[in-house]
Amino acid sequence: MPQNDPITLQEISQIIIEISSKQKKNFAEENIIWQLYCENPDIEPQTIAKQFNDKVKGACITASDVSSTFRKCKLISNAERAEVLKRAKITARKILNAINNNDGSEIVSIKKELDYHIQMHRFVLLWLARTWETKLTEETYTYLVRMSHFFINDCLDAIIDLITERTQQPKQNTQINLTTAAYEEKIYQLTVALNRANNLITRLQDSYEEQVIEIRTEEELKIISKLNSEKYGYILDLLISAQNGFKNLRKKGIIPFEIKSAQSLVRRLMEFVEDCAIVPMFEIGERFQVQANELDGYSYEGTPFNNATEIKQVEVISPGWRIMDKEIVISYPRVKEVMEVLVNET
């Protein structure tokens, strides 16, 4: 019985380039962060940031940027990320098996599994990319990592459609059936192409609307986040410090006239902060214990953790700030390891 031609990486590369080239914005940062995570699920955000900066020329992302990516992609907890990655690996292996063996028997279960989480398509394609990395051209690989999750969805769906089409049972080799088969094959290909185009239009619309919201939010956040950026000396933290300083001065007596204007400025700025619904997330000086896998959403200063279960005592040196109504984080809390001081008994 005649067999259909096997799928080649060249065909897959054509799908990747064709779909990715329709996207204007570059999402390589997100995908490289997830790629580094996929290579080591136990990795901490600050280590991901360091590896990213080493890998990407001129990059300067922070652990907070990595944690922000986790939140934006709706994968905040370690357990949830690990579960999606585990299922993505299994699904990726099924797709590889389907391609290598020209076998479409697992297609239904593959499609069902891809609906498990909004980021499943991304994890599966990144895992496939890791497998194909040495075989894909540099151009194809660049096109792959620049796609948003909307375009990744469409790209992986197109690859699965190709597997479905290629693994169908060939028609009987008669003149009449060949003619009929040719028409049926053409109709099927056109139907698949139409569905893919319709899906892409829908995703483009969703992507456009999402990007408009994201861009507006990003621009607002950029302005507000400068209030507590390192570049400007952590203004919000300084306001808290100044406010506490004035309270201590009042306890000691009358505040000198020369600094009353500064006190008024701090009070007005604090009113502005409160009116913008900007609130601290912790209190400066607060102490608690953490493990390495609990550091998501913190900027940690201290010695590296030896393993995931090691416990360290930390102190809050910057409370972190968020916009209460929108649940937007302006800056993550900064915590510093508390080093135990051993006192020699004499």
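**Helix packing and burial in a predicted model**

Reader: At what angle do the axes of helix H2 and helix H4 cross?
Author: This is a predicted model. H2 spans residues 28–39 and H4 spans residues 63–72. Their axes come within 10 Å and cross at roughly 95°.

Reader: Is H2 roughly perpendicular or roughly parallel to H4?
Author: Angles from 65 to 115 degrees count as roughly perpendicular. The crossing of H2 and H4 is roughly 95°. That makes the pair roughly perpendicular.

Reader: Which residues of H2 and H4 make the contact?
Author: Both helices contribute side by side in the list. H4 brings Val66, Thr69, Phe70 and Lys72. H2 brings Glu30, Ile33 and Trp34.

Reader: How many residues of the contact of H2 with H4 are charged?
Author: Four residues of this contact are nonpolar and one is polar. The charged residues number two.

Reader: At what angle do helix H11 and helix H12 pack?
Author: H11 covers residues 235–252, and H12 covers residues 260–275. Their axes lie 10 Å apart. The angle is about 130°.

Reader: Are H11 and H12 oblique or roughly antiparallel to each other?
Author: Roughly antiparallel needs an angle over 145 degrees, and roughly perpendicular stops at 115. H11 and H12 pack at about 130°. The two helices are therefore oblique.

Reader: Is the crossing of H11 and H12 left-handed or right-handed?
Author: H11 and H12 have their axes 10 Å apart. H11 passes H12 in a crossing that is left-handed.

Reader: How many residues of the contact of H11 with H12 are nonpolar?
Author: H11 supplies Leu236, Leu239, Ile240, Ala242, Gln243, Phe246 and Arg250. H12 supplies Ala262, Gln263, Val266, Leu269, Met270 and Val273. Two of the contact residues are polar and one is charged. The nonpolar ones number 10.

Reader: Is His121 buried or exposed?
Author: His121 sits in helix H7, residues 120–132. Buried means under 20% relative accessible area. At 8% relative accessibility, His121 is buried.

Reader: Which residues does His121 touch?
Author: Residues up to four places away in sequence are not counted here. The partners of His121 are then Leu114, Ile152, Asn153, Leu156 and Asp157.

Reader: What share of the residues of the chain count as buried?
Author: The chain has 12 helices and seven strands. It exposes about 20,700 Å², and carbon and sulfur atoms supply 53% of that area. Of its 346 residues, the buried share is 37%.

Reader: What part of the contacts with a separation of 6 or more joins residues 24 or more positions apart?
Author: The count takes in contacts in the chain with a separation of 6 or more. Residues 24 or more positions apart account for 70%.

Conventions: Residues numbered from 1 in each chain as written. Predicted model: local features only at pLDDT ≥ 70, side-chain atom pairs only at ≥ 80, totals over all residues. Heavy atoms only, no water. Axes fitted to C-alpha atoms, helices over the stretch in contact; angles between N-to-C directions. Helix = DSSP H or I, 4+ residues; strand = E, 2+ residues; numbered from the N terminus. Parallel < 35°, antiparallel > 145°, perpendicular 65-115°, else oblique. Contact = heavy atoms within 4.5 Å. Nonpolar A, V, L, I, M, F, W, Y, C, P; charged D, E, K, R; others polar. Buried < 20%, exposed > 50% of the residue type's maximum accessible area, 1.4 Å probe, protein only. Areas by Shrake-Rupley, 256 points an atom, 1.4 Å probe, with all protein chains shown as cover. Left-handed = near helix turned anticlockwise from the far one by under 90°.
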